[in-house]
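I set out to look through one protein structure and to write down what I found at each step. These entries are kept in the order in which I looked things up.

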Amino acid sequence: MPLDVIKVRMQIQGTGGLTVFATSYQAAAHLWTNEGLLAFWTGTSPAILRQATYGTLRVGLYVRAKSAFGVEENSIEPFPLRKMLAGIVSGSFAAAMCNPTDLIKVRMQSSRLPGSSIPHYQNVFHAASSIVKEGGWIGLYRGVGPTTGRAAVVAAAELGSYDEIKMFLRRRGAQEGVPLHLGTAALAGLCATAASSPFDVVKSRVMSQPVNARGEGIRYSGMIDCIQKSFRNEGIRFMWRGFFANYLNKGPTVVLFFALYEQVQYRLDLLLDG
């Protein structure tokens with residue numbers, strides 16, 4: 001969670017004259033000095049809620065989508081394109097459905113940044129009611145475009161690459177087990193972070209911006225406008241702001257997820273087959 005907070009702070013800097021941190025270390029030091037230890041866990045409640053909904057929905061849909069695209073269960077044959085398509089379908093649908101939890105998380109994490117016009121929310125319910133009051137129920141789906149785009153890319157790069165890399169290694173003699181799962185997951189996490197970083201930065205900026213009386217974003221009208229303005233002001237490097245913090249956050253998360261997922265799946269197969 002602390003790395004996720006640092007990542008968001010790094011991604012939204014440079015917008016609206018907000019404090020600019022040269023490194024993730026500077027962002028962490030600023031949090032520690034000015035906001036205290038608990039600031040590193042800002043937005044924990046919506047983050048847990050998001051993982052409980054988006055995370056489970058994405059994986060469940062991916063398994064179904066793979067089957068729909070003709071990939072047989074436990075097949076070690078190469079189907080990279082079909083698996084990527086399955087990831088795109090499952091990730092985008094799950095993210096669109098769960099956008100409110102992501103929006104609340106980003107706004108809670110960015111509200112304490114110096115110069116930010118976002119109010120301090122007491123909890124998830126206060127944040128949700130405030131957002132609805134600002135822009136109606138549709139306000140909970142602000143940033144759904146970049147969120148859905150990012151999720152499609154992440155799921156294709158993470159789920160698809162994990163699946164394909166693991167089967168590639170198995171075709172070359174690797175044995176099913178924890179070492180294979182951990183190594184494959186580490187590579188999948190790197191692929192997902194590299195592919196999703198531009199969408200992640202845009203998503204954080206669109207979601208964290210202040211809104212006018214009509215609930216419309218003041219800095220950006222949408223995803224394309226955010227990309228154009230960010231590129232014009234900061235150059236291509238804006239797309240990978242906070243990359244290091246992002247991978248330090250996502251890498252271990254992906255490794256733990258797949259290691260646990262494989263073990264749970266294995267135990268359930270033994271239980272059901274027995």
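**Entry 1: the whole chain**

I noted at the start that this is a predicted model. I then looked up the secondary structure, which comes to 10 helices and zero strands. Read from the N terminus, the elements run α-α-α-α-α-α-α-α-α-α.

I next looked up burial and found that 48% of the 274 residues count as buried. The accessible surface of the protein comes to about 13,400 Å². Carbon and sulfur atoms hold 66% of that surface.

I also asked what share of the contacts with a separation of 6 or more joins residues 24 or more positions apart. The share is 73%.

**Entry 2: helices α4 and α7**

I turned to a pair of helices, α4 (residues 80-97) and α7. Their axes are 7 Å apart, and the helices pack at an angle of about 145 degrees. I recorded the crossing of α4 and α7 as right-handed.

Which residues make the contact? From α4, I listed P80, K83, M84, G87, I88, S90, G91, S92, A95 and A96. From α7, the list is V144, T147, T148, A151, A152, A155, A156, L159, G160, D163, E164 and M167. Sorted by class, the contact of α4 with α7 has 12 nonpolar, seven polar and three charged residues.

**Entry 3: E158**

I stayed with helix α7, which spans residues 144-171, and looked up E158 within it. Is E158 buried or exposed? It counts as buried, because its relative accessibility is 3% and the cut-off for buried is under 20%.

I then looked for the contacts of E158, leaving aside neighbours within four places in sequence. The residues in contact with E158 are R58, A188, A192, K250, V254 and F258.

**Entry 4: the aromatic rings**

A pair of aromatic rings is described by the distance of the centres and the angle of the planes. I searched the whole structure and found three aromatic pairs. Among them, F257 and F258 form an edge-to-face pair, at 5.1 Å centre to centre and with 70 degrees between the planes.

F257 and Y261 form another aromatic pair, and I recorded this one as stacked. Its centres are 5.8 Å apart, with 15 degrees between the planes. Where do F257 and Y261 lie? Both are in helix α10 (residues 243-273), four residues apart, which is about one turn of the helix.

I compared accessibility for these residues. F258 counts as buried, at 3% relative accessibility. F257 is partly exposed, with a relative accessible area of 29%. Y261 counts as partly exposed too, at 26% relative accessibility.

Finally, I noted that Y162, F257, F258 and Y261 form one aromatic cluster.

I looked up A186 and placed it in helix α8 (residues 178-208). A186 counts as partly exposed, at 28% relative accessibility. Leaving aside neighbours within four places in sequence, I found A186 in contact with Y247 and V255. The C-alpha atoms of A186 and T253 are separated by 9.4 Å, although these residues are 67 residues apart along the chain.

V201 lies in helix α8 as well. It counts as buried, at 0% relative accessibility. I looked up V201 together with R150, which is 51 residues apart from it along the chain, and found their C-alpha atoms separated by 9.5 Å.

**Entry 5: two residues in loops**

I ended with residues in loops. F40 is in the loop between α2 (24-34) and α3. F40 is buried, with a relative accessible area of 10%. How many residues apart in sequence are F40 and P2? They are 38 residues apart in sequence and 4.4 Å apart in space, C-alpha to C-alpha.

N74 lies in the loop between α3 (44-68) and α4. I found N74 to be exposed, because its relative accessible area is 63% and the cut-off for exposed is over 50%. N74 and D163 are 89 residues apart along the chain, and their C-alpha atoms are separated by 9.9 Å.

Notes: Residues are numbered from 1 along each chain as its sequence is written. This is a predicted model: local features need pLDDT of at least 70, side-chain atom pairs count only at pLDDT 80 or more; totals for chains, interfaces and linings use all residues. Side-chain values use heavy atoms; hydrogens and water are left out. Buried means under 20% relative accessible area, exposed over 50%, partly exposed in between (1.4 Å probe, protein chains only). Contact means heavy atoms within 4.5 Å. Accessible areas come from the Shrake-Rupley method with a 1.4 Å probe; for residues, only the protein chains shown count as cover. Rings of Phe, Tyr and Trp (its six-membered ring) pair if their centres lie within 6.5 Å; planes under 30 degrees apart count as stacked, over 60 as edge-to-face and the rest as tilted. Axes are lines fitted to C-alpha atoms, for helices over the stretch in contact, and angles run from 0 to 180 degrees between N-to-C directions. A crossing is left-handed if the near helix is turned anticlockwise from the far one by less than a right angle, and right-handed if clockwise. Ala, Val, Leu, Ile, Met, Phe, Trp, Tyr, Cys and Pro count as nonpolar, Asp, Glu, Lys and Arg as charged, and the others, Gly among them, as polar.
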